[in-house]
Amino acid sequence: MTTKSLSYLAIAALVIIAGGTYAFVVARPLPLPVASSEKDVAIRVYGLGTVEARIVSRIGFQVGAALTQLRADEGDTVARGDLLASLDQDAQEARVARAQAAVDAATANLAKAEANVGRAEAVLQQRRAANERQQELAGRNVSSRQAAEEAKRDVDVAYADVTVARTDVSVVRSQAEDAAAAFAYEQAILKQHTLTAPFDGIVVDRHVEAGTVVRAGDVIYTLMDPTSVWVLAYIDEERGGSLAVGQDAEVRLRSMPHDVYRGKVARIGIESDRTNEERRVWIACEVCPPRAYLGEQAEVLVTVAKLEQALLVPEAAIRGFDGHRGKVFIIEDGRLVEVELTFGHRTEDGRVEVSGGLPEEAIIVTAPTKGLSEGRKARAIDETSP
């Protein structure tokens, strides 16, 4: 056999091998994983946040002075009304004593003014009786007209003295009320030299030490109400449309990743973060951790819906997905066809619910396998098989 004949035979063999390879690789049905219907699918959205408390108060004195004692420290549990700190009270106690003396003086002056009223009224009664006698005697010409006129004038003077005495009583009474008000004010200022717990809580931080001269309004303690602990989570606006108050949620703390705390959505922020495009959501726990640490990182899953039955497709298998529509490959009559579908809810593991556009008897390819093209033969395989 000539060299030329051998070359022809080699070319023919290569053609046969190439054709066989094409028939095996391209013409054979491509095994592909497909989506299957699932029941009771929980649609949850993920958020990352921190442990916070709804009631956190930074408390201090309404007046300024030197701190004489601090009776609570960070981590202490306090009850409403417990004494937490005190200021030096010497100067204010002196002011209270001075105000008390003013009250005593005003009380004495009031008693004196009221006694003057009694004396003036008694004089008035005496003058009226004398005037009546003089008028009677003058009518019988027993007494002179001048004496009668003087008796009447004495009554008028006595009446004026009564009016003045009563006015003095009103003035002194007002002074006594002013002194009493000043005394009450100084007592109130004295009470402000002690700091008490406004509610049952835990001391988050103590900001000063004894001996420090503080000003009015300086923060002495930070308190939190442990019953108001909740989680502030930030959820992507793209996933936040289905959020509603009252929805169930799960919380995992960074310090206890294996424990799940149940809760509910208590509040949804009316204003989103314009920079991160996230929505603020507060989760109130139903069973809270035994000890809360403000600022601790927490992961949140909020159940926004529960589907009795759903067909789910990985988002990675959808081409041109805009959050509502996109294209996927389906197997129809044993061949691949690319169709556009509409989608609904998304799960936290990156799968999307098919809500419309799927032909009957068609099945959706769930993996963006290399070599997918319209018209190619394909067959469905179980994703759980090896």
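1. Two strands count as paired if DSSP finds at least two bridges between them. This is a predicted model. In it, four strands form an open antiparallel sheet, ordered E3-E10-E8-E5. Strand E3 (56-60) and strand E5 (77-78) are the edge strands; each has a single partner strand, so one side of each lacks a neighbour in the sheet.

2. Inside that sheet, E8 (residues 201-206) and E10 (residues 219-224) run antiparallel and are joined by four bridges. Asp205 has Thr222 in E10 as its bridge partner.

3. The largest nonpolar core holds 25 residues. Val231, Leu243, Val251, Ile283, Val300, Val302 and Val304 touch the most other members. Elements giving two or more residues include E2 (37-53), E11 (229-236) and E14 (278-285). E15 gives the largest share, eight residues.

4. Look at Ile283. Beyond its neighbours within four places in sequence, its contacts include Trp230, Val231, Val251, Val300 and Val302. There is also a second, separate core of 21 residues; among them are Ile189, Val203, Val214 and Leu223.

5. There are two aromatic pairs. The ring centres of Trp230 and Trp282 lie 5.9 Å apart with planes at 40 degrees, so this pair is tilted. Trp230 is in strand E11 and Trp282 in strand E14, 52 residues apart. Both Trp230 and Trp282 are buried. The charged end of Arg267 sits over the Trp282 ring, 5.4 Å from its centre.

6. The other pair, Phe321 and Phe343, is edge-to-face, with 5.6 Å between centres and 90 degrees between planes. Phe321 lies in the loop between E15 and E16 (325-332) and Phe343 in strand E17, so the pair ties together parts 22 residues apart in sequence. Phe321 and Phe343 are buried.

Definitions and conventions: Residues are numbered from 1 along each chain as its sequence is written. This is a predicted model: local features need pLDDT of at least 70, side-chain atom pairs count only at pLDDT 80 or more; totals for chains, interfaces and linings use all residues. Side-chain values use heavy atoms; hydrogens and water are left out. A nonpolar core is a set of buried Ala, Val, Leu, Ile, Met, Phe, Trp, Tyr and Cys residues joined through side-chain atoms within 4.5 Å. Buried means under 20% relative accessible area, exposed over 50%, partly exposed in between (1.4 Å probe, protein chains only). Contact means heavy atoms within 4.5 Å. Rings of Phe, Tyr and Trp (its six-membered ring) pair if their centres lie within 6.5 Å; planes under 30 degrees apart count as stacked, over 60 as edge-to-face and the rest as tilted. A charge sits over a ring if NZ of Lys or CZ of Arg is within 6 Å of the ring centre and within 35 degrees of the ring normal.
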